[in-house]
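Hello,

Here is the structure I promised to hand over. Please have a look at it first, then read my notes below.

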Amino acid sequence: MCALRIIIPLLLTFLSLSEMQAQTKTQAGQIKEFYACYMKAVETCNQKEETELLQDFLTPEMQEKKGRLVQVTGSDPLLRAQDVSEYGRQSLACRHLEGSWYEVSYRWDESDTIGIKIPVRVQTDAKGKTRICYVTPYWGGSSYGDSLLDIAEQAVEDGKDAETFVATFFKTYAYTYVKMPSTLEQELGLLRQTYCTADMQGKYNALSQQYMDDGSPVDPLIGCADFDAFWYSSLRVKPLGKNWFELSYNADANGWNVRVKVMVSEQNGHCRISDLK
C-alpha cells in the first residue's frame, strides 16, 4: 500500500509532464506551420493569403501592434526582414523556450552562419486555438520571458509638482501601449482628454493628421508610432525651465533616442499638458 502511495503521485507527475511536452511540441509545430505559410505568402506577394494568415494566427492586438512596428522599423517584425528567401523557408525551425515562449529561427542563405532568431509569445484563445500575442522586436535581440512585459501600472499624479505629473503621465501613457489592450485608442484618447488642455488636444489632433497625410503615422506625445516594453525602463523626464519638460527614451539597441517637449499649465489646482513641440 505504501508503495502504491508513492508510485501513483509519481505516475501522475510523469503523465502531467508528458502532456505538457506534447502540448509544447504541438504548439511549436503550429507556429512553424504558420511561419512557413506566411513566408511563402510574403515571398510570392500574395497579400490576400498573408492577411488571412495574420488574422488567423495573431491575436487582434498583435495584428495592430505589427502594423505599428512596421511603421517604426520599415520591416516585418515577424521576420525581422523586408523580404523572404527560399532558403529561409527551408531552414525554418521552431523550438520551445519556456512557458508560453518559443523561438522561431531561419537562415537567409547557406553562408549565413548566425541566422535570425525571433522569440514569440503565444496564448490560447477561448476556442482553444494557439495565437501569437507578442513578438520580440529586433532591438530586443533574443530576449524573452514574461517579466519583460510584467510592468507595474502607474497612476497619474496631477496634484503635486509639475515634474511628478509629467513623469507619471508619460509612464501611464507608455504603459497603455505596453499592455496592448483591445481598446488601446480609446484608453489613450481618454488620457489625453483628461490630462491635456482643450488647445493641446486640438494641436495633438492636427499633428496626428499631418503625420497621417505624410504617410507616417506617429503619436505626437511619444514621437513614435508605437511604444514597446523594451523601451519603458529608459523613460526619462528633464525640466527645461519656464514650465517646459523633455521626455526621452531609447527606442532601439543602436542608440536611437526619442525626445518630446511638453509644457505644463495649472487648471483648477491640477497640472495639465498645454503645449507640445
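**Notes on a helix pair**

Start at G189, which is found in helix α6. Bear in mind that this is a predicted model. G189 counts as partly exposed, because its relative accessible area is 21% and buried means under 20%. Look across to Y173 next. The C-alpha atoms of Y173 and G189 are separated by 9.9 Å. Along the chain, the two residues are 16 apart.

Now the helices themselves. Two packed helices are described by the angle between their axes and the distance between the axes. Here the pair is α5, residues 162–179, and α6, residues 184–195. Their axes come within 9 Å and cross at roughly 170°. Angles over 145 degrees count as roughly antiparallel, so α5 is roughly antiparallel to α6.

Which residues meet between α5 and α6? From α5 come F165, F169, T172, Y173, T176, Y177 and K179. From α6 come L184, E187, L188, L191, R192 and Y195. By class, this contact has 8 nonpolar, 2 polar and 3 charged residues.

Last, the whole chain:

- The secondary structure comes to 7 helices and 8 strands.
- The chain has 277 residues, and 42% of them are buried.
- Take the contacts between residues at least 6 apart in sequence: 53% of these join residues at least 24 apart.
- The accessible surface is about 15,000 Å², with 50% of that belonging to carbon and sulfur atoms.

Over to you.

Best wishes

Notes: Residues numbered from 1 in each chain as written. Predicted model: local features only at pLDDT ≥ 70, side-chain atom pairs only at ≥ 80, totals over all residues. Heavy atoms only, no water. Axes fitted to C-alpha atoms, helices over the stretch in contact; angles between N-to-C directions. Helix = DSSP H or I, 4+ residues; strand = E, 2+ residues; numbered from the N terminus. Parallel < 35°, antiparallel > 145°, perpendicular 65-115°, else oblique. Contact = heavy atoms within 4.5 Å. Nonpolar A, V, L, I, M, F, W, Y, C, P; charged D, E, K, R; others polar. Buried < 20%, exposed > 50% of the residue type's maximum accessible area, 1.4 Å probe, protein only. Areas by Shrake-Rupley, 256 points an atom, 1.4 Å probe, with all protein chains shown as cover.
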